[in-house]
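I opened the file today to see how the chain is put together.

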Amino acid sequence: MPANEYEFLTEWHIAAPRELVYEILKEGKDYPRWWPQVYLNAESEPSGREDHIGDKVHFFTKGYLPYRLRWTAEVVQHSKPHTIEITATGDFVGRGKWSLTPESDGTFVAFDWRLRADKSLLKWLSPIFKPIFRWNHHWAMARGYESLRREIERRFSLQS
């Protein structure tokens with residue numbers, strides 16, 4: 001595997017119904033509101049298709065490390081309420097797939113992210129700093145887990 005290619009598998013156990021978790025994760029344009037430590041901006045570009053295939057979200061993101069990334073997620077497949085699959089272009093190039101499975105106490109979430117870092121800084125430093133870039137990804141996903149739990153709590157409180 002080239003030094004600037006990465007494969008990540010993130011797994012979360014969320015104490016909420018799969019349908020709710022799906023509704024939150026499928027709306028990339030809302031990520032800056034509930035996951036602000038990582039998602040600085042998101043601009044939606046609907047495809048106009050009823051099935052939402054081809055919908056795009058243009059992201060401006062960051063991690064713990066002091067660099068920013070611009071990339072676009074395009075929906076290539078989804079099946080409510082268990083799968084959302086995207087392709088990524090820009091500073092990242094690759095595929096990501098959210099898989100949601102019901103559990104007795106909520107939802108098991110798996111995010112399979114396979115990408116190539118094309119931003120010059122990441123591309124050229126990956127041979128040396130790959131472990132640090134991996135740590136940065138894990139830091140960002142830990143913020144996502146915490147933020148998703150808060151967003152679910154917020155939505156439950158709105159229903160009360």
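**Entry 1: two paired strands.** The model I am looking at is predicted. I began with strand β4, residues 68-79, and strand β5, residues 83-90, which pair in the antiparallel sense over 8 bridges. For one bridge I looked up E74, and its partner in β5 is T87. I then checked the loop between β4 and β5, where P81 lies. The peptide bond from K80 to P81 is cis, with omega near 0°.

**Entry 2: the whole sheet.** How many strands form the open sheet, and in what order? I found 7 strands, in the order β1-β7-β6-β5-β4-β3-β2, with antiparallel pairing. β1 (5-14) and β2 (39-45) are the edge strands, since each pairs on one side only. From one strand to the next, the twist averages 20°.

Entry 3: β1 pairs with β7 in the antiparallel sense over 10 bridges. T10 has F111 in β7 as its bridge partner. I also listed the two faces of β1. In a regular strand the side chains alternate between the two faces of the sheet. The covered face of β1 holds Y6, F8, T10, W12 and I14. The uncovered face holds E5, E7, L9, E11 and H13.

**Entry 4: helices on the sheet.** Helix α1, residues 18-25, lies across β1, β4, β5, β6 (92-103) and β7 (106-117). It runs at about 160° to β6. Helix α3, residues 120-159, also packs on the sheet and touches β1, β4, β6 and β7. The direction of α3 makes about 20° with that of β1.

Why do I call α1 largely enclosed by the rest of the structure? Of its 8 residues, 6 are buried, so the helix is largely enclosed. The buried ones are R18, L20, V21, Y22, I24 and L25.

**Entry 5: the core.** The largest nonpolar core has 41 residues. V21, L25, W71, W98 and W113 touch the most other members. α3 gives the most to this core, with 7 residues.

I followed up W71. Not counting residues up to four places away in sequence, W71 touches Y39, V57, H58, F59, T61, I86, A88, T89, G90, D91, F92 and W113.

**Entry 6: the pocket.** Rolling a probe the size of a water molecule over the atoms shows where empty space is left. The largest pocket holds about 850 Å³ of space. It is lined by 45 residues. Which of them lie nearest its centre? I noted Y31, Y39, F59, W71 and I86. The largest share of the lining comes from α3, with 6 residues.

Entry 7: Is H137 buried or exposed? H137 is found in helix α3. Its relative accessible area is 10%, so I count it as buried, the cut-off being under 20%. Leaving aside neighbours within four places in sequence, H137 is in contact with F8, T10 and W113. Two of these, F8 and T10, are on the covered face of β1.

H52 is in the loop between β2 and β3 (56-62). At 42% relative accessibility, H52 counts as partly exposed. Its phi is near 70°, a positive value in a residue other than glycine.

Note on methods. Residues numbered from 1 in each chain as written. Predicted model: local features only at pLDDT ≥ 70, side-chain atom pairs only at ≥ 80, totals over all residues. Heavy atoms only, no water. Pairing = 2+ DSSP bridges. Helix = DSSP H or I, 4+ residues; strand = E, 2+ residues; numbered from the N terminus. Axes fitted to C-alpha atoms, helices over the stretch in contact; angles between N-to-C directions. Contact = heavy atoms within 4.5 Å. Buried < 20%, exposed > 50% of the residue type's maximum accessible area, 1.4 Å probe, protein only. Core = buried A, V, L, I, M, F, W, Y, C linked by side-chain atoms within 4.5 Å. 1 Å grid on protein atoms, 1.4 Å probe; cavity = no way out; pocket = protein on both sides within 12 Å on 5 of 7 lines; lining within 4 Å. Points joined across faces, edges and corners; volume = space filled by probe spheres on them.
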